Amino acid sequence: MYHKSSISVVFLALLVLATTFPSSVQSKTTRVGFYSRSCPRAESIVTQIVQKHFKSTPSIAPGLLRMHFHDCFVQGCDGSVLLSGTNTEKTAGPNLGLRGWEVIDDAKTQLEAACPGVVSCADILALAARDSVVLTKGINWKVPTGRFDGRVSLASETNNLPGFRESIDAQKSKFQALGLNTQDLVTLVGGHTIGTSACQFFRYRLYNFTTTGNGADPTIDASFLPQLRALCPQGGDATKRVDLDTGSGTQLDAAFFKNLQNGRGILESDQKLWTDASTKSFVQRYSGVRGLQALNFNVEFGRSMVKMSNIGVKSARNGEIRRICSAIN
């Protein structure tokens, strides 16, 4: 266990591959190009490492994206999720399915060889998440860097992470506590457009969810139910993986929202984005529903990722630059 400290826009005219966000979304300690002098190759080294691992294991892309999200929601974006040890965040239930640890370790090894003691693990994770989005055909954005690594990692604090059965009000409360609004919630949950879920996290929706009708969650499209039951039979393998975005699970795009609109969300918390009035309009705008001002998901996703990545950023006063990402110095 680790002890110490506590966690203390954007208008885009065009969708372009290199997106610049103004300083108003950056924290006081982060900025784009933070390593331009101290470690000029820092970002390119991370990109090359992520590309190498993605080539052999594409599933690391959603893994790294989720890891960054889980990191930022507990103790802020300080690499606390990377720390190993008894009762650390890494050991908590919500983080047991995360993957991509070896990518961060590989990048850190390369960066320590090039620029010892300069690049934080928290920044490596933020950069790797962006690179993962690019590799899944999403937008590129400039990542503000300059985070320090935290020294606290407690499994008990992962309760701050949104749960897969939570109401929209509960989810909004957790996002708002970190300075993220309802649009950010819908946008960042849209990261589920890539990756998978184990049957154990949604199979309860398919059987005995209600005592009437077919027994399934009534928000599931009736024509989609047989497909889900075939993938996750009652009493079957609870660890079997299923795409969170049916038909487009390897590409970061707005198809996820169309699936929600059609009753084809996999997680209960995801489908609630469509059934709750406070979030439904954002789903509609990302889906291109007529009569509403459209939102470009890729552009807004980059914006919300920058905003999220500046939650609870540590400084030299309450953080460090770890030599190894899994342990404090």
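The torsion about the S-S bond of Cys-199 and Cys-232 is about -70 degrees, so this disulfide (a pair of cysteine sulfur atoms within 2.5 Å) is left-handed. The model is predicted, so to speak of local features pLDDT of at least 70 is needed, side-chain atom pairs count only at pLDDT 80 or more, and totals for chains, interfaces and linings use all residues. Residues are numbered from 1 along each chain as its sequence is written, and side-chain values use heavy atoms, with hydrogens and water left out.

The sulfur atoms of Cys-199 and Cys-232 are 1.9 Å apart. Cys-199 lies in the loop between strand 1 (196-198) and helix 7 (225-231), and Cys-232 in the loop between helix 7 and strand 2 (241-243), 33 residues apart; helices (H or I, at least four residues) and strands (E, at least two) are DSSP runs numbered from the N terminus. Cys-199 is buried at 0% relative accessible area, and Cys-232 is buried at 1%, where buried means under 20%, exposed over 50% and partly exposed in between, with a 1.4 Å probe and protein chains only.

Four disulfides are found in the whole structure. In sequence order, the bonded cysteines pair as 1-4, 2-3, 5-8, 6-7. Cys-39 and Cys-115 are joined with an S to S distance of 2.1 Å, and their link is right-handed, with 80 degrees about the S-S bond. Between Cys-121 and Cys-325 the sulfur atoms are also 2.1 Å apart, but this link is left-handed at -95 degrees. Here Cys-121 belongs to helix 4 and Cys-325 to the segment after helix 11, 204 residues apart; both cysteines are buried.

Ser-84 is partly exposed at 29% relative accessibility. Its side chain makes a polar contact of 3.0 Å with that of Lys-90, a polar contact being a pair of N or O atoms within 3.5 Å; within protein, one must be able to donate a hydrogen and the other to accept it, and residues adjacent in sequence count only if both atoms are side-chain atoms. Lys-90 in turn lies over the face of Trp-101, 4.5 Å from the ring centre (NZ of Lys or CZ of Arg within 6 Å of the centre and within 35 degrees of the ring normal).

Turning to helix 11 (residues 297-309), Phe-297 and Phe-301 both lie there, four residues apart. Phe-297 is buried at 3% relative accessibility, and Phe-301 is buried at 1%.
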